[in-house]
Amino acid sequence: MATLLRRFCQNHTLFGRYIQSTRGLRTSAYKTYNPKSPRFYLYGTAVATSLYFGWKWVEKNAMVEAARPTRRVTDEQTLRGLKLNHRERRFIKFSSVEYQGQLYMTPQDFIESVTDSEPRPRLKRRVLIERDLERFMQETPLLSKGSPDMFRTIFDKGIISYTEYLFLLSILTKPQTGFRIAFNMFDTDGNERVDKEEFLVLEKIFSTARRDRLNRALEGAVKQTEGEEGEVEEVLEDELQKSHVVDTTLLLHFFGKKGKQDLKFEEFKMFMENLQTEVLEIEFNEFSKGLPAITELDFAKILLRYTYLQSDQYEMYLERLLDRIPEGRGITFTEFKSFCQFLNTLDDFAIAMRMYTLADQPISQEEFHRAVKICTGTELSPHIVDTVFKIFDDDGDGQLSYKEFIAIMRDRLHRGFKQQQPREGWEGFKTCLKEEMRQDVQQPSLT
């Protein structure tokens, strides 16, 4: 209150003059106390009026100060003001639990983050206690008990940190040839085994790089805030990556409850294969409805679901396929899995196809088969290759447009994690509306 009065006096010289000019007059009036004196009433009225309006100004500004929102960095400000990347925003969006102020995903959250566009509805995040972590420890299977349905079995009885989330995302796009490279990155001493300390190096690398980036962003936010308000009350506390105070589900699975086990390459490879298979099974089962095969139309929807096509382009691909395959025989999970594993070698495939693009020539099914065999060492079924050509063959001449196919399949491979520039105003509204319409079209067919 005293601060506000002082600020008023500094900004309102008239009030200051009244106070200063009446100080001596008040003394003179008291000495010669004469209530009938006109001068006494004149200056008395001036003082009373000044005090009244001065007090009203102080009251008003006190209410404004009390109502002014605190300068806090909330989740929403974090997503925009500090410019978190797409993976960080998605982790915050899907993580449903927290422990001692740090956000974690459950295995269920992770599966949803790579197969769904939005997390399941929830009121708020669940705050874990020590008893929950002890129960999670008992629910975590041993490494020898790993399976292609482990994440679905654990469900919400486990936790995954942000750095582990990045690690798991990288697994989904790793080709078979990349498994050994990934393992060797962890095996710092080259003894063909990875211990817990070596694995945690990943956390240190990611957390250090991320902390540097956030610190730079926070410095900019602090400078901007100080210029506006004069002080910063609270700075964002990093909820994504702190030093772990507990063992996560992944650490328990890899290194045991005591953290003394070593991870061998064959075990590491099996884990990566199981995770890839589990995610693909979830996608396949969403459309198969318990049947052994999905329709060619459903296969096209899966390929196009993570792309950034306009709704009219998306519908054009589906209509083209329906016109060319009026009655399909279906695509099995084995065929679907083989094709998705081929997509993990898309960079190698692009190199193999570059000779055709230099000559600006489309490629035939025979050339496509040969390139896939060179890149993966395996062959795709003729039916699934024919279906791909039916989708991406522009004029029906049996030739595939390489550039168009590669661009769309890269979007599929990124699973929606590719950065896109946001659109605003009318263009943003139209984009949002088209995306909502497209989501309706992408629902699994009933036939």
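Tutor: The expected span of a helix is 1.5 Å times one less than its number of residues. Helices are DSSP runs of H or I with at least four residues, strands are runs of E with at least two, and both are numbered from the N terminus. The model is predicted, so local features need pLDDT of at least 70 and side-chain atom pairs pLDDT 80 or more, while totals for chains, interfaces and linings use all residues. Residues are numbered from 1 along each chain as its sequence is written, and side-chain values use heavy atoms, with hydrogens and water left out.

Student: How do you know that the span of helix H14 agrees with its number of residues?

Tutor: Helix H14 covers residues 265–288, and its 24 residues should span 34 Å at 1.5 Å a residue. The end C-alpha atoms are 34 Å apart, therefore the two values agree. Just after H14, Lys-289 has a positive phi of about 55°.

Student: What makes the contact between Asp-109 and Arg-120 a salt bridge?

Tutor: A salt bridge requires a side-chain nitrogen of Lys or Arg within 4 Å of a carboxyl oxygen of Asp or Glu. For Asp-109 and Arg-120 the N to O distance is 2.8 Å, so the pair qualifies. Asp-109 lies in helix H6 (residues 107–115), whereas Arg-120 lies in the loop between H6 and strand E3 (126–127), 11 residues apart. The whole structure holds 17 salt bridges.

Student: Why is Asp-109 called buried, and why is Arg-120 called partly exposed?

Tutor: Buried means under 20% relative accessible area, exposed means over 50%, and partly exposed lies in between (1.4 Å probe, protein chains only). Asp-109 has 0% and is therefore buried. Arg-120 has 28%, so the class is partly exposed.

Student: How do you know that Glu-379 and Lys-373 form a salt bridge?

Tutor: Their closest N and O atoms are 3.6 Å apart, so the pair meets the definition. Glu-379 counts as exposed because its relative accessibility is 59%, while Lys-373, at 38%, counts as partly exposed. Elsewhere, salt bridges that share partners join Glu-283, Glu-286, Arg-305 and Arg-412 into one network.

Student: What makes the phi of Gln-100 and of Phe-155 worth noting?

Tutor: Most residues other than glycine have a negative phi. Gln-100, which is not glycine, has a positive phi near 50°; Phe-155, also not a glycine, has a positive phi of about 60°. Gln-100 is found in the loop between strand E1 (97–99) and strand E2 (102–104), and its 53% relative accessible area makes it exposed. Phe-155 sits in the loop between helix H8 (150–154) and helix H9 (162–172), and at 38% it is partly exposed.

Student: Why is helix H15 called mostly covered?

Tutor: In H15 (residues 296–304), 9 of its 9 residues are buried. Among them are Glu-296, Asp-298 and Lys-301, together with Leu-297 and Phe-299.

Student: What makes Asp-312, Glu-315, Glu-319 and Asp-323 a negative surface patch?

Tutor: Patch members have over 30% relative accessible area and no salt bridge; like charges are joined within 9 Å, and nonpolar side chains (Val, Leu, Ile, Met, Phe, Trp, Tyr) within 5 Å. Asp and Glu count as negative, Lys and Arg as positive, and His and the chain ends are not counted. The four residues are Asp or Glu, so the patch is negative. Glu-319 lies in helix H16 (residues 311–324), and at 47% relative accessibility it counts as partly exposed.

Terms used: Accessible areas come from the Shrake-Rupley method with a 1.4 Å probe; for residues, only the protein chains shown count as cover. The place of a charge is taken as NZ of Lys, CZ of Arg, CG of Asp or CD of Glu.
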